[in-house]
Every structure is written in structure tokens, then in C-alpha cells.
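Subject: Structure for you to look at

Hello,

Here is the structure I promised to pass on. Please open it first, then read my notes below.

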Amino acid sequence: MLSDDLRYSLRMLRKSPLASVAIVLTVALAVGATTAVFSVFNALILRPLPYHEPERLVWVAERNDKLNLPTFTTSGLNFRSWQAETAPIDSLAAIGFASYNLSGDGEPEQLTGGTLSAGVFPALGIAPLVGRAFSIDEEQVGGAPVVMIGEGLWRRRYGADPKLVGRTLSLDGTPHTVVGIAPAALTLISPGDVWKPLVIDPAKEKRLAHTLTAIGRLPSGSALQQSQAAMDAVAAHVGQQFPETRDWGIRLVPFPKWIVPDTLRTLIGVLLAAVGCVLLIAAANIANLMLARALAREAEVAVRTAIGASRMRVVRQSLMESLLLSLAGGALGIAIAFAALRWAAYAMPPNLLPITDIGIDARVFAFAFALSVVTGLLFGGGPALRVARAHSAPILRAGGRGMSAGAQSWPRKSLLVIELALAAALLVVAGLLIRSLDRLEAVDLGFRPDHLLTFQLSLPQARDPNDARPFVFYRDLIPALAAVPGVSAAALSSGVPFGAGTYSATPVRPNGASLLAADDALTIDWRLASPDFFRTFGIPLLRGRTFTDADDARAPPVMIISRSMALKFWGTEDVLGHSVHRLGDGKDLTVVGVVGDIRLTALNTQAPTMYYSSASRLWPLMDVVVRTNGDPAAAIADVRARIRSLDANLPLANVRTMDEWVANSGAQPRLNAGLLGIFSALALVIAALGVYGVLAHSVGQRSGEIGLRMALGAQGPRLVGQFLREGLGLAGLGIAIGLFAALASSSALEGLVFGITTRDAATYVVVAICLAVISGVACAIPARRAALVDPVVALRGE
């Protein structure tokens, strides 16, 4: 029986190949887009993290309500104090950030990585691929020089040789013994290739130096709220022991919320809703087409039921047609999704998503299959039931012409209204993100990004603030780079805007009169900068002076601040000589200059900033920037040669132009707007075809009526106007519903727009006009065809 139904369905599909191909392609595009977005949702939200019982893992962050810091990195000494307590967290562990220079084994290479406490692997519930993890003895001061290599570096540079464990590698010029190979799962919370034991020396650490990331595992059976309350008690006890930490508490953040933040979850939800709209619009459009085909076969169905065919079999055969079309479209859609994900992996900037292992696994395949089946039932179920429920006697008495046009039209018109409502809502979302992107890309950066080349250098000696060698090296390097042919300026910083350098913030309190309440402090971003930093970037000096080489560690501490910091603290730019108290180390710093504000970490954020002199302190990892007269890429070889003339074993890392950094910073909003633009354009085309299809079918069904009216004297323009009013009335209703729905749900987009509100009137007006014009064009074609009906031919057909 099923085989007969299958053969019948295939025969009916072959009778209208163009329509069948159109349906398959429509389903393929809709299912492919939905499957691709679901793959991201699956990887980031549904798939368990690659750790043992990941639901028990938490980020143990510090918090300071007075400084408006809901989460912050951890102080090394506070971490040790927590360990000393009877902490209600299993396997408390900490991770630090570091960079290392690998030399003596092939080409010198700068590697990112970090430091790990001995509890990291037990806390995560993972094990080294080869060898062992660090021991507690190795994280003590003076411990053995050992290292763990990441799986990526192990495979890329050493061919996955298990004999690497036990060998000696030269890191920062010091021999280190490889004790283990860390699995790729570690890089999810500590990106890098090389890790050393975390050594916390109480004699050198500062209690308020927050430089670590702490993690832990909730006790089995313990709720997050219970553990949070217990850790609050631990923080309060540490605050009693060390009064400088009394304002610092602890906040436990579940791993999934930490790794995939709320803004990204919102974005994924918006994209899922968008592709869901496209899928529903496609299903509604296909349902309209299937309904038209089913109504055209009413007479055939009436004859079959009259001679004994069961209505159930009629429904089954109709659904078989729909499922064949949707499954064929679904199979093609999976291929489209696979190709889209491959392209995205190639085209997207690195680190755009926290989890990059996105593909089509068994769950995604099952989702695509189920989606294809549901889509087939959506666009095939209604038409099948409607035709099967039709009474055959009236149809046969009408000579096989089927039911009246009025009885047939309301389901199709209802589907059309739904299509346009969904398209309008989706177009509003896309319009808001596109307008937001336009505002974002037009934002004033505060500096000139053109003709800037940036790269990173790592000097391990800079970890010792008393070692003068790094200061001497950079003091020689900057003028040497400025003398390279084609280079007009060079500078040094701990982190260039939008780059991969060190981004730090510290709480400071103004000394003397200010706009802040007494004893109030604010957490302010800070950077290290060399004397030519502001000139190299084209940042205007508004007051005072820039740094000089004399602003070293022996001189009184000074700083240069941004205009917004001057206004926030003192309400004026004229703040030379004012000072702030840095809570972390208790130092007072005097303002010697005020510069313009710049965008540092994101295009949509401009925060107050402090700059310290690089002559007074250095980070082990520093950013170097050179301004060129021509193409920055053309200067790379000469710059590299000049650095090797000073240190042959010092590798350059993250060599990029500033234009590339700026472009990468806008990659996420650009991707958001691009995807929503594609989805909304697809929805618009499908909806326009739906408008055309409904009105064209109405004209075809009412050709006899049109012919009769024209024979009685009706004029063509009047008929055109009637059909235009009918089509535009439906379009207007759908557009209005869609705009209202978009307005009602606009608050969900608050975190995704910049420079406009989610109720931006211009966007709603443009969407309404655009849809109205396209609907009008789609209505005009069949309306004009109605005016061209030959009344003689139409009446003869009746």
C-alpha cells in the first residue's frame, strides 16, 4: 500500500517538475539556514563542556560592589587565603596568563600560555594526553623548571611525538623539562600552547593585585546558592584578616554562563528566531502553492472518493508528496549548512566564538531530519485535510470546476498575512542591526589607524622589575625602528587599541576636591605608553606634556589621563597637578597631561583611561607600533631585521596592521547584520512571491466572473483597482501585525544595537514602505492580467 502511494506521489510530482524543484530549493535554503544556526546553538549551548560533570564547575570570581565590579579577576594572595580556609569548593584551582619565547629547536617562536596550579586538572576532571600534570611541589618557590605542552603545539611542531615528554625545551632561554601534554579542552579556559606551574611568592605579591582566574567544583549535591553563601563567609573572614580586602567579595559563576556570556546567548536566540521566521514564511508560501495544486485536483479527488477511495488514503498520498519534497529539500539543506559552516570557519576572524568546534554531529543531523519532516507536515497537512474534507457531490454537480473562489481563498489569504507579518518583524530586526553597524563603523576612534604596523615582543627579564635589561632594550629599539626606511615614528605600549596585549584596570581615588564623594573610588583602565605613543597614534595632547625618558621608576609617579577621566573626576580638562591614589599599591600619581579619548577594546565603548610611563615599568609582553609612510606590510621585513640585529632569538608575534585590528573589532556586529540581512532578504523574496501567488491564483479562479463583468461593461482600470485593493489590504494587515510584534519584542535587542534605540522610528517606517512597495509590485502584475482577460474566452471556459 505504501509503495503504491509512493509511486503515485512520484508520478504527481513529475507532472509539475518546475514547481517541485522550486519547493525543494525553498525548503533547502530554509532548512540549511536553520541547521547552520542550530549547529552554533548546539556547540555553544546544548553540547556539554569537555569536562567531567561540567554542571558542577564554577568560575570563582572576585567582586566589588562599591567599584561596580560584579566579576573581576582574583588576587594571588586571596586565592591562597581561600585555600587555607575550609573552603566549601572542591578542587579550588587558579590560572595565570603568560607568554614565552621558545628557542633552540627550530625557528624561534613566541607562545601564549599561562601558569597552572596543581589543582586545575583535578578540578576540570581531565587528564594529560601523555605524561602527567603538575604536582604541588612544583608550584612552590624554587620548584623544578617543568612545562606542559598543549595538544595543538604538540601536533603542529612535534608531530604528536609521545617521546617529547621527558625532553628539555628552552623557554625564555632557560631549560624546562616537558612533563605532560595538555588536551585541547584546557584551551577553552586558558588559551595557549605552553603552561608552567603557578608560583605565588608571598614576599613579592600584593594583596590587591588581581591577576589570576580561579575555578572550582561545587561539592556533589550542593546547590549554587549554598556554595555562594559559604564562600561569602570565607570572603568576610579574609576581609577581617586583611582590612584592605574588606570591600572585595566572591561570586560563583557557572561555567556555561562564564564561557558563553548572556550577550552571545541573546544573539544566538535572535538568529534562531530569524531563521525560524524564514522557515515559517517558506512553509506558509509552500502551503499556499500546495493548496492551489490540491484545489486544482478537487475534481479528481471527488471522483476517486465517489467510486470508493477512502479519505485517509487521499490524505496519506497528499502528505507523501509533501514529505518527499521536504525530505529532498532537507537533504540539500544539510549540504548547504555544511558548506556554510566550512566557509564561516575559513572566513571568520579567530576567537570570534568561545567554542570553535562547530559542525554537524548526530544531534544536528537528527534536528535537520525532524525539521524537514515537520516542515513537510506544516505545508502539506492543511491542504491535504482541506481537500479530503471537501464534499464530492457539490463538486461533481458543478461539473468538476470545484468550489467557489470565495470558499477557497480564506486559508491562502490567512497564510499570506502570516508570511508578511513574519517578514516585517524580521526586516525590522535586520534594519536595526544594519543601522547600528552603520553608526558603529562611523564612530570616531580618537586616533588614526592608517599606516600603523603592530606586533608583540616578549622579554622574560621584564618579570623582574629590578632588571634593567628590558628598559635598555626598548630604549634602544624604539629609535632604531624609527630610523628604518619608510618608518616615520615608533612607540611602545602594554596594549594597542583592539589588540591582543594586556588590558588592565585598577581602582583609584582622587586626592583632594573632586566630583566624587569622599573616599569613593572608580576602576579605571590603564596602559603603559612610551613618549612617542600619542604622536605615533595621532592622539591629540589637550593639556600639559607627554612622557619623557626621565619619567622612570626613580622619578615621582606621574600619569597622563584621557579627557573623559578628567571630566569624570574633576569636571574640567584643566587638571594638571591633580593626583589620584592607587588602591592596589597605595601610590599617588600626579597628572602631567590630558589627551583625547580613544576606543580601546570595542567600537561601542569609550572608557576613561590612564597612561603610565613605560620608562617606569614594563610587562613581559609588550606591543610595539610603527607608523609608516606607505603600506605597513612593506616594512615588516626591515623591522624584523632591525629587531634581530638587537636580539637574534627574539620572535615577533601577532604582526598585524591597525586597520586589521579595527576590522576584527567590528567582525561580530558585521556578522550579525550580514546574517540578519541575508535572512530578511530571503524572507522578503519568499513573501513577495506569496503575495503574487495568492493574487494570481485569485485572478485565475475568478476568470469566469471577470469575463462576465467585462461583458457587462466593467472597465479594466476598475478591475485592476479592485485586485490591488484586495492584495494591498492583506499586505497592510500583515505588515501592521509584524511591526507591532517587532515593537513588542524590541527589548530583547537592547544589548545588540549601538547609537540608536530598538524603537528607532526611521527603521520601522523604512520597513513599512519597503514592504508596501514590494507588495504593490507583486499585486500589480496579476491585477493587470485581470484587466487583460478576454471575456469571450473566459465565458466559453465556463
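Start with Ile 418, which is partly exposed because its relative accessibility is 44%. Keep in mind throughout that this is a predicted model. Ile 418 sits in helix H13. Its C-alpha atom is 8.6 Å from that of Ile 737. Along the chain, Ile 418 and Ile 737 are 319 residues apart.

You will find Ile 286 in helix H8. Is Ile 286 buried or exposed? Ile 286 is buried, because its relative accessibility is 5% and the cut-off for buried is under 20%. The C-alpha atoms of Ile 286 and Gly 380 are 8.3 Å apart. In sequence, 94 residues separate Ile 286 from Gly 380.

Aromatic rings

How many aromatic pairs does the structure hold? There are 17. One of them joins Phe 447 and Phe 498. Now find the two rings on the chain. Phe 447 is in the loop between helix H13 (405–441) and strand S13 (452–458). Phe 498 is in the loop between strand S14 (487–493) and strand S15 (504–510). The pair therefore ties together parts that are 51 residues apart in sequence. Phe 447 is buried, at 6% relative accessible area. Phe 498 is buried too, with a relative accessibility of 7%.

Phe 473 and Tyr 474 make another aromatic pair. This one is edge-to-face, with 5.4 Å between the centres and 75° between the planes. Phe 473 and Tyr 474 are both buried.

Ring pairs also build a cluster. Its members are Phe 447, Phe 498, Phe 533, Phe 534, Phe 537, Phe 547 and Tyr 611.

Two arginines are worth a look as well. Arg 207 lies over the face of Phe 242, 3.6 Å from the ring centre. Arg 617 lies over the face of Trp 619, at 5.7 Å from the ring centre.

Backbone angles

Most residues other than glycine have a negative phi. Which way does His 451 go, positive or negative? The phi of His 451 is positive, near 60°. His 451 is in the loop between H13 and S13. It is partly exposed, at 30% relative accessibility. Phe 498 also has a positive phi, near 65°.

A pocket

Next, look at the second largest pocket. Its volume is about 1000 Å³. A total of 38 residues line this pocket. Those nearest its centre are Trp 343, Ala 344, Met 348, Leu 671 and Leu 675. Which elements give two or more residues to the lining of the second largest pocket? They are helix H2 (17–46), helix H8 (262–296), helix H10 (311–347), helix H18 (658–665) and helix H19 (667–701). H19 gives the largest share, ten residues. By class, the pocket lining has 30 nonpolar residues, seven polar and one charged. H8 is also the helix that holds Ile 286.

A cavity

The structure holds four cavities of 30 Å³ or more. Take the second largest cavity. It has about 50 Å³ of space. Its lining includes Glu 62, Asn 78, Trp 82, Trp 248 and Ile 250. Helix H3 (76–84), helix H6 (224–241) and strand S12 (249–254) each supply at least two lining residues. H6 gives the most, with three residues. The lining of this cavity divides into five nonpolar residues, four polar and one charged.

Cysteines

A disulfide is a covalent bond between the sulfur atoms of two cysteines. How many disulfides does the structure hold? The count is zero. Two cysteines to find are Cys 277 and Cys 770. Cys 277 is buried, with a relative accessible area of 15%. Cys 770 is partly exposed, at 31% relative accessibility.

Best wishes

Definitions and conventions
Residues numbered from 1 in each chain as written. Predicted model: local features only at pLDDT ≥ 70, side-chain atom pairs only at ≥ 80, totals over all residues. Heavy atoms only, no water. Phe/Tyr/Trp six-rings, centres within 6.5 Å; stacked < 30°, edge-to-face > 60°. Helix = DSSP H or I, 4+ residues; strand = E, 2+ residues; numbered from the N terminus. Buried < 20%, exposed > 50% of the residue type's maximum accessible area, 1.4 Å probe, protein only. Lys NZ or Arg CZ within 6 Å of the ring centre and 35° of its normal. 1 Å grid on protein atoms, 1.4 Å probe; cavity = no way out; pocket = protein on both sides within 12 Å on 5 of 7 lines; lining within 4 Å. Points joined across faces, edges and corners; volume = space filled by probe spheres on them. Nonpolar A, V, L, I, M, F, W, Y, C, P; charged D, E, K, R; others polar. Disulfide = S-S within 2.5 Å.
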